[in-house]
Amino acid sequence: EIIRKLESVPRVIYTGCLGYMSFSGNMDLNILIRTLLRQKNKITFHVGAGIVADSVPEQEYEETLVKAKAMKECLEELSAPSPPKIFIDGRWVLATEKLLKSLTPGITKKEGVFETLLVERGEILFLEQHLRRVRQGAKRFGIEKELLSLNFLKILKEALDLNHLSDARLRLMLWQEGQHSHMAIVAQAYQPRPFEKGYQVAIYPHPVANPSGFKEIACQPFFQAAKYATRRKVDEVFLFDRKGHLIEGSRTNVFIVTPQGLLTPTLQTGCLPGIARHHVIQLAQREGIPVEQNPIELQDLLAAHEIFVTNSLIAISPVIKIEGKILKDGKPGPVTRRIWEAYHTLRHH
């Protein structure tokens with residue numbers, strides 16, 4: 001009764017012994033100290049010290065920590081996620097933090113392309129379209145034909161299996177260093193952000209030279225723009241060229257809802273012909289919503305009541321705030337929701 005009053009959690013299995021007696025007359029007992037109790041996916045254990053008249057509280061507490069140390073370290077090691085396995089140039093290696101960073105697009109000046117693919121319940125979405133775009137970009141940099149002839153589907157599936165992933169993002173990278181071509185595939189767990197959460201957006205203050213329209217590894221301006229978004233504590237930033245025309249977000253394509261339908265930057269700005277962008281244009285036309293691809297200026301954005309962004313990972317996400325201005329009471333607009341529902345249906349059929 002005293003213990004129950006003094007201690008905040010029940011001791012459950014603690015001290016005494018646990019054992020069995022068999023019908024054959026055997027008996028085996030174990031003292032219940034340093035014993036782990038597993039209940040579903042939770043493991044607990046208790047430690048204590050024997051308190052006597054001349055005990056020093058601080059020393060007794062230190063003793064409990066010493067008793068717990070070995071089990072605590074073992075459990076922490078077992079529960080720590082194992083480093084992901086990365087496919088690089090024909091072999092699988094454990095990914096260190098340094099290696100992962102070296103394969104982050106934007107921090108390197110390597111000549112090459114990358115593609116990010118979404119995996120849901122083990123299915124790689126829009127795979128053929130992604131691979132087609134990778135091959136087109138790789139040819140631009142003279143990537144070896146032998147590399148492009150690999151069975152990408154087999155390697156991508158193996159990346160998921162080795163890392164025990166069913167919901168993930170896959171990054172496929174091809175690049176050239178001197179006379180040699182290289183390839184890497186990184187698989188990481190991923191959960192798409194909820195549609196209702198939306199995006200908060202800022203305007204990138206520096207004009208950007210028109211990009212190539214390919215997802216290049218050496219995408220320094222976009223990498224810097226993404227870092228700017230982090231400093232501004234927003235989800236995305238929109239980039240403009242030197243003519244004052246909107247290009248795209250640091251990771252997304254942009255659509256404005258107008259009284260006439262949808263407006264998105266023309267590919268002549270250098271914006272990426274994203275796969276989600278392509279599907280949105282097709283779905284809008286199927287839904288009877290006209291789509292224009294024309295230059296967009298800053299005042300067009302700031303005057304809009306409904307904006308959404310797209311890419312292969314997030315699909316479609318409404319912009320709920322731009323430069324501090326809340327759009328549509330911070331909720332997805334009706335046209336955005338309609339397009340999102342159509343895209344959701346396409347993606348799962």
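Modeller: Strand 11 and strand 12 (residues 236-240) pair in the parallel sense over three bridges, where helices (H or I, at least four residues) and strands (E, at least two) are DSSP runs numbered from the N terminus, and two strands count as paired if DSSP finds at least two bridges between them. This is a predicted model, in which local features need pLDDT of at least 70 and side-chain atom pairs count only at pLDDT 80 or more, while totals for chains, interfaces and linings use all residues. Residues are numbered from 1 along each chain as its sequence is written, and side-chain values use heavy atoms, with hydrogens and water left out.

Within that pairing, I203 has F238 of strand 12 as its bridge partner. Strand 11 is also joined to strand 18 (residues 315-322), again in parallel, by three bridges, and there the bridge partner of Q200 is K321.

Strand 11 (residues 199-203) is largely enclosed by the rest of the structure, because four of its five residues are buried, that is, under 20% relative accessible area, with exposed set at over 50% and partly exposed in between (1.4 Å probe, protein chains only).

The surroundings can be followed through the largest nonpolar core, which has 40 residues, and F238, L262, L301, I307 and I322 are those with the most contacts inside it; such a core is a set of buried Ala, Val, Leu, Ile, Met, Phe, Trp, Tyr and Cys residues joined through side-chain atoms within 4.5 Å. Among the elements that give two or more residues to this core are strand 11, strand 12, strand 18 and strand 17 (307-311), whereas the largest share, six residues, comes from helix 8. Leaving aside its neighbours within four places in sequence, I307 is in contact (heavy atoms within 4.5 Å) with residues including F238, L301 and I322. Apart from this core lies another, of 26 residues, among them V113, L172, M183 and A187.
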